[in-house]
Amino acid sequence: MDWTWFLSAGAFAVAMSATPGPNNTMVVASGATYGFSRTVPHMLGIAVGFPVMLIILGTVGLPLLTDPRVHAVLKWVGAAYLLWLAWKIATADPDPADPAAKAPMARAGGTGGRPLGVVQAALFQWVNPKAWVIAAGALATYTAGADSTSLAATLALALLFGIVALPCIGLWTLIGVGTARVLRTRRAVRLFNLAMAGLLVASLVPALRE
């Protein structure tokens, strides 16, 4: 690994972390409902959970990535869960007077109208189809070589994703916080929920096409 490897891998990590996907859609909803500070545990769960997932897959979980059958099962199970989550969002009955109702996504993903915690957000990565696609692409592209080289590259790659994740996710959370200022009516909340549900479904398309 040299500076060109870090430059290329870092650019890849930023692009994958900043583009729309299930994680970013969910923190937008959480930011709109609970504010920035209460969404921080959710953000930390993503920033820690995906690098840990990457390390596990890059060291002991390679069969999950190389076996097309296992990969397909995990991808479609995750897609089914996210489609169920999108349905819960789209069909929720919004009540602007109830802050927990503004973003059923956060409520459906968490418990009792609370934002996702660190552990919940970290575990969510394992049912996130986009996370699987990113992990497979990153490990295949940036960790090829001898075993020792692959291990070092996997750890470096995980570190890069951990570093860039928080700023990228933080920007999406701020978008949600700003959006909350216009969610003053029942109609506005419903439209927001429908938009979030649509974005969540749309974020699955690139992952499922892989």
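A residue is called buried when its relative accessible area is under 20%, exposed when that area is over 50%, and partly exposed in between (1.4 Å probe, protein chains only). By that rule, 47% of the 210 residues of this protein count as buried. Before going further, note that this is a predicted model, where local features need pLDDT of at least 70 and side-chain atom pairs count only at pLDDT 80 or more, while totals for chains, interfaces and linings use all residues. Residues are numbered from 1 along each chain as its sequence is written, and side-chain values use heavy atoms, with hydrogens and water left out.

Let us begin with the overall plan. The protein has 11 helices and 0 strands; both kinds of element are DSSP runs, numbered from the N terminus (helices are H or I with at least four residues, strands are E with at least two). Two residues are in contact when heavy atoms lie within 4.5 Å. Among contacts between residues at least 6 apart in sequence, 79% join residues at least 24 apart.

How far can you trust the picture? The predictor's confidence in each residue is called pLDDT and runs from 0 to 100. Its mean for the protein is 79, and 79% of the residues reach 70 or more. Over residues 99-112, pLDDT stays under 50. Where pLDDT is low, the predicted coordinates should not be read in detail.

Now look at H3 itself.

Next, step inside. A nonpolar core is a set of buried Ala, Val, Leu, Ile, Met, Phe, Trp, Tyr and Cys residues joined through side-chain atoms within 4.5 Å. The largest one here has 21 residues, and Trp5, Phe50, Leu54, Leu157 and Phe161 have the most contacts inside it. Helices H1 (3-18), H3, H8 (129-142) and H9 (147-179) each give two or more residues to this core. Apart from it lies another core, of 10 residues, among them Ala79, Leu82, Ala86 and Phe124. In soluble globular proteins, nonpolar side chains tend to be buried together.

Which residues does Leu157 touch, not counting those up to four places away in sequence? They are Trp5, Ala9, Leu54, Ala138, Leu139, Tyr142 and Thr143.

Asn23 lies in helix H2 (residues 22-34). Asn23 is buried, because its relative accessible area is 13%. Beyond four places in sequence, Asn23 touches Ile46, Phe124, Gln125 and Asn128.

Ala15, in helix H1, counts as partly exposed because its relative accessibility is 33%. The C-alpha atoms of Ala15 and Cys168 are 9.3 Å apart, although 153 residues separate them in sequence. Ala202 belongs to helix H10 and is also partly exposed, at 43%. Its C-alpha atom is separated by 9.2 Å from that of Pro22, 180 residues away along the chain. Among the buried residues of H10 are Val189, Phe192, Met196 and Leu200. An α-helix has 3.6 residues a turn, so residues three or four places apart point the same way.
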